[in-house]
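I opened this notebook to record what I looked up in one structure. The entries follow the order in which I consulted it.

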Amino acid sequence: MFTPSRAAGLEALTLFAPSAGTVYTRDRNHDTGPSRDNVSGLSPYLRHRLLTEREVVSVVLEQHRFGACEKFVQEVFWRTYWKGWLEQNPEVWRRYRRDVVELGLAGDTGSGDYREAIAGLTGIDAMDAWVHELLDTGYLHNHTRMWFASIWVFTLGLPWQLGADFFYRHLLDGDAASNTLSWRWVAGLQTAGKTYLATASNISRYTEGRFSPSGLATSARAIVEEPLPTRAPIAPAESTPSGARVGLLLHEEDLDAASLSAEHPWFDSNSRLVAIAGSADPDERSPSGASDVVRRFTASALDDGATRALDTLGRPAKVLPDTLPSTVLKWAESERLDAVVVPYAPVGPVQERMLRLGAVLASEAVTLTTVRRRWDTIAWPHAARGFFPFRERIPELLRQQGL
Ligand SMILES: Cc1cc2nc3c(=O)[nH]c(=O)nc-3n(C[C@H](O)[C@H](O)[C@H](O)COP(=O)(O)OP(=O)(O)OC[C@H]3O[C@@H](n4cnc5c(N)ncnc54)[C@H](O)[C@@H]3O)c2cc1C
């Protein structure tokens, strides 16, 4: 269903853009099954930045008035909002990571209910079908993700963290912010006390009668948690690399060297971009690793990003065999680099990896510089409270983007 290349993402965008206006607004909540075309299916491309949010919104705005495609544009900004919110509340990510490990160690992942749920053997026909769809395709419709998470937490009584981990391991678009915070939202943690309860009538209506599960929970008591610490400031936007020879290291959060370097002319008369490399490791998503479907998609997406680096550098990027700091260091030494530039990795496993890398490079006098997309830099500070005040800012954010 999803070919891991920028060309395939652009083709999907071209096909979908004409319906991104009133048709999307009217039909987007329906899940008619894997051959659906009422939603864009762009998330695996956006998540790896094979396509950028800016170009997707730009193409859609060329074909529709803002009023007509506002809903679609808002959905793209949900992704930005979740990332900006997690950036300011990294403790949520730390707790989630800790809980997934502890629940695993405590043997909860071995409980019969959990094993049955992830094998598609709950006896709830809709849940079981969705598990198979997720395992086979690496994708679920948004409404289905909401029903799935709600049934997982409130009908099956399973820990939300294990459900989030299951999604994260199997979704091609698996994203630390969108996934973790959406699960928290369903469970009543994100908007404190407000839960999402899936009902058979809603499922039947929006799956057009494909499913009408019985025995679902009829109430959803919000989970409570320790209060979160005060919001953390967002890290400074970007810095300029120093040194004559600069290398760019792509990773799975951002695989488009061309638009990144166009946005950041970070090499001036004293510094020159002389090499590009890329590495990715989706297994860092979970103690249980990522699914084969996700591994294959990510590896091919990385190859695609590396091949396209030809347009920026005049030769393809080198794909590193692993993400170990020592491997990056070896590449930096072989290219005689003074500085390695990486696209900013938001809170999540890649950010953790970049922190480890920075320490190792520094010990060998190679600097690590992160550059952030302007899209994120201007929007994230507004993701401090709920989505609704953030949404009010969207027209202004678009103007700042020249859209
Ligand atoms: C429990 C749960 C877990 C989720 N996990 C992820 C995840 O790991 N990664 C992920 O990208 N999305 C996640 N989502 C959000 C959403 O379900 C997907 O982004 C969407 O289904 C992708 O399909 P699409 O590209 O056809 O979306 P479209 O409806 O065509 O929307 C266009 C784009 O807007 C963004 N978008 C749309 N809805 C949302 C949303 N609710 N939150 C954030 N961004 C959105 C996506 O980038 C998407 O590609 C999750 C939602 C829930 C309820």
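**Entry 1: a pocket.** I began with the lining of the second largest pocket, where helix α1 (residues 6-16) gives the largest share, 5 residues. I noted that a pocket is an open set of points on a 1 Å grid over the protein atoms alone, where a 1.4 Å probe fits, with protein on both sides within 12 Å along at least five of seven lines; lining residues have an atom within 4 Å of a point. In total, 18 residues line this pocket, and M1, A12, R36, S40 and G41 lie nearest its centre. By class I found 10 nonpolar, 5 polar and 3 charged residues in the lining. The pocket holds about 430 Å³ of space, a volume being the space filled by probe spheres set on the points.

**Entry 2: the basis.** I recorded that the model is predicted, that local features need pLDDT of at least 70 and side-chain atom pairs pLDDT 80 or more, while totals for chains, interfaces and linings use all residues. Residues are numbered from 1 along each chain as its sequence is written, and side-chain values use heavy atoms, without hydrogens and water.

**Entry 3: the whole chain.** I found 20 helices and 5 strands in the protein chain; helices (H or I, at least four residues) and strands (E, at least two) are DSSP runs, numbered from the N terminus. The C-alpha trace spans about 65 × 50 × 40 Å along its principal axes. Of the 403 residues, 55% are buried, that is, under 20% relative accessible area with a 1.4 Å probe, protein chains only.

**Entry 4: V73.** I looked up V73, which lies in helix α5 (residues 66-88). Is V73 buried or exposed? V73 is buried, because its relative accessible area is 0%. Leaving aside residues up to four places away in sequence, V73 touches V57, F66, I394 and L398, contact meaning heavy atoms within 4.5 Å. V73 and V360 are 287 residues apart in sequence, and their C-alpha atoms are 40 Å apart in space.

**Entry 5: helix α16.** In helix α16 (residues 325-334), I listed P325, T327, V328, L329, W331 and A332 as buried. These buried residues pack against β1 (245-250), β2 (272-278), β3 (318-319), β4 (339-343) and α17 (349-363). Just after α16, R336 takes a positive phi of about 50°.

How values were computed
Nonpolar A, V, L, I, M, F, W, Y, C, P; charged D, E, K, R; others polar. Buried < 20%, exposed > 50% of the residue type's maximum accessible area, 1.4 Å probe, protein only.
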